[in-house]
Each structure stands twice: as C-alpha cells, then as structure tokens.
Amino acid sequence: ASGTSSTKSKATLDCLHGETAALCTTRPKTKKNKPVKISVALRLLDIIEVDEKGGSWTVRAFLYAHWKDSRLRFKPADYDGVRRVNFFGESALAQLKRMWHPQLTIVNHIGERVSENLEIFINRNGKVEYREMFNAKIRTKFDFRSFPFDEQTATIEIESFGSPQQFVRLVPAVRKVGNSSTPPSMWNAGDFSVVFGARPEPRYELSSDTPGAWLAPDGVNDFSLMVASLVLKRQARGFMATR
C-alpha cells in the first residue's frame, strides 16, 4: 500500500515540476466521460483602436478560466504546508507544457495574441486557475448603411482549440463581466455581454456515401463557443464637427 501511495505522490509531483509526460497532458477523466467544464470570464480593459477600413478592433483584456484536474492534487506537507502552488510568467508557460489545459483560442483574431502577463494557480484539490492579460487585434464586421449614425457590434470569439464540445465545454465563471472604462475615439462603448453557445466544426467525411453527412446534425463535433460582444455607437455630432 505504501508503494502505491508513493507512486501517486511522485506522479503528482511530476505533473507540477517534472518533465512533460503523457500521464499529465491527456484530457482529465470525468464521471461517465462527460465533457471537462471550463469556467471562463473575460474583462475588457481598454479598446486600443477601431479600424473601420481594415475591419478590426484592437483590445486589451483580462481572461480568467478555471477547471479541475485530479492528477494535480497534492499534499500541503509536500510543499511546506502551502495549499496553493503559484506559477508566473516563464514558469507558468513551462507549467502549461507539463499539464493538460484547454488551449483557449480567439478564433476571430488577426495575427498573434500578445500576452502581457500570465499566472497559473493550482490548488491542493487539483483546481487550476488561469489568468492572462493580453492584447489582440480582432476581425469584425462593419455595417455603414446608417453612417454617420451607425452602431457596430464588435465581438471576441473564444473556444478550446481542437476540442469539440463532447470533450470540453465552456461555461460562465461569473454572471456579469466588465466593459471598457475608456471609450475609443469617436465612439461610445455600450454594454459588454457574453453568450455561450456552439460553433459547427468544418468536417470532411469523405469516406461517407451519404450526402451532407459531414454536417453532423446531432452536433456531436461542434465546438463550445463563448462570444463576447460590445456595441459601439458612433458619436455623430463629434464626427460632423471633426469633418
């Protein structure tokens, strides 16, 4: 019995401080093989730019997520009584390689998401808290039919890269999220809202003889999707005065 306990303890320590291993990087097991629930929240800190010609907006935001992985449970006695192990910056990046994580991706971004700060907290019960502050240029659609009295809806679409909703499901971490405290030039920022739904995955089941089989009508291959939306209303009076 003591040998089994020692093996489990060593496996946990490897997932926290060892080399990358399949033992730690595969998807966590769940009861009845249900999807791993990832609680997600997004706070928009600032709108850096609204590029109407290029069809994009650039934001600075804070991303928070948490999930549970029993393989990361540890005994405080192994860490001088500490009940939560913290990783920051480079050490957080290294820890991501040692363990499974949902690879939260902005699917409508342009270019690379730039992370200003990354923090990972692992609690004694295996609960993982992920915190990231980032900048990103994001593609959006503009409708100028009511210009210069138009309203535009800018979005941030987040999903777990490569993991359909049958394996990973995004759920709200909080009931209400924050919005920008600094409206962009020439625009008024409305309410920032988040909706959780699903996005069909592009599929190519060429082995099937049934037309439309790739559509997967039961949605089994759909991605769990979080869409954050912000309504931007043009300041028509300011625009006319500027012209």
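Reader: Where do I start? How many helices and strands does the protein have?

Author: Start with the inventory. The model is predicted. The protein has four helices and 10 strands. Along the sequence they run α-α-β-β-β-α-β-β-β-β-β-β-β-α. Of its 243 residues, 40% count as buried.

Reader: Next, aromatic pairs. How many does a search of the whole structure find?

Author: Two aromatic pairs. To read a pair, take the distance between ring centres, then the angle between planes. Planes over 60 degrees apart count as edge-to-face. For Trp67 and Trp100 the centres are 6.2 Å apart and the planes stand at 90°, so this pair is edge-to-face.

Reader: Where do Trp67 and Trp100 lie in the chain?

Author: Trp67 is in strand S2, residues 56-68. Trp100 is in the loop between helix H3 (90-98) and strand S4 (104-106). They are 33 residues apart, and the pair links distant parts of the chain.

Reader: Is Trp67 buried or exposed? And Trp100, buried or exposed?

Author: Compare relative accessibility with the cut-off. Buried means under 20%. Trp67 has 3%, so it counts as buried. Trp100 has 8%, so Trp100 counts as buried too.

Reader: Now the rings of Phe88 and Phe121. What is their geometry?

Author: Their centres are 5.8 Å apart and their planes lie at 85°, so the pair is edge-to-face. Phe88 sits in strand S3 (residues 84-88) and Phe121 in strand S5 (residues 109-123). The pair therefore ties together parts 33 residues apart in sequence.

Reader: How accessible is Phe88, and how accessible is Phe121?

Author: Check each partner separately. Phe88 has a relative accessible area of 42%, so it is partly exposed. Phe121 has 5%, which means it is buried.

Reader: A ring can also face a charge. Which residue lies over the face of Phe134?

Author: Arg113 does, at 5.4 Å from the ring centre.

Reader: How do I read the sides of a helix? Which residues of H3 are buried?

Author: List the buried residues, then look down the axis. In H3 they are Ala92, Gln95, Leu96 and Arg98. They fall within an arc of 160°, so they line one face of the helix.

Reader: Which exposed residues does the face of H3 turned away from its buried side carry?

Author: Glu90 and Lys97.

Reader: On to the largest pocket. How much space lies in it?

Author: About 420 Å³. Volume is one part of the reading. Then ask who lines the pocket. Its lining has 19 residues. Leu93, Arg113, Ser115, Tyr130 and Glu132 lie nearest its centre. Arg113 is the residue over the face of Phe134.

Reader: Which elements each supply at least two residues of the lining?

Author: H3, S4, S5 and strand S6 (127-139) each do. S5 gives the largest share, seven residues.

Reader: How do the lining residues divide into nonpolar, polar and charged?

Author: Eight are nonpolar, seven polar and four charged.

Reader: What about backbone angles? Which residue has a positive phi of about 55° although it is not a glycine?

Author: Lys32. Lys32 lies in the loop between helix H2 (22-25) and strand S1 (36-51). Its relative accessibility is 78%, so Lys32 counts as exposed.

Reader: And Asn33? What is its phi?

Author: Near 55°, again a positive value in a residue other than glycine. Asn33 is in the loop between H2 and S1. With a relative accessible area of 52%, Asn33 is exposed.

Reader: Where is Gly162 found?

Author: In the loop between strand S7 (151-160) and strand S8 (168-172). Gly162 is exposed, with a relative accessible area of 53%. Its C-alpha atom is separated by 8.8 Å from that of Pro102, 60 residues away along the chain.

Notes. Residues numbered from 1 in each chain as written. Predicted model: local features only at pLDDT ≥ 70, side-chain atom pairs only at ≥ 80, totals over all residues. Heavy atoms only, no water. Phe/Tyr/Trp six-rings, centres within 6.5 Å; stacked < 30°, edge-to-face > 60°. Buried < 20%, exposed > 50% of the residue type's maximum accessible area, 1.4 Å probe, protein only. Lys NZ or Arg CZ within 6 Å of the ring centre and 35° of its normal. Arc of directions from axis to C-beta. 1 Å grid on protein atoms, 1.4 Å probe; cavity = no way out; pocket = protein on both sides within 12 Å on 5 of 7 lines; lining within 4 Å. Points joined across faces, edges and corners; volume = space filled by probe spheres on them. Nonpolar A, V, L, I, M, F, W, Y, C, P; charged D, E, K, R; others polar.
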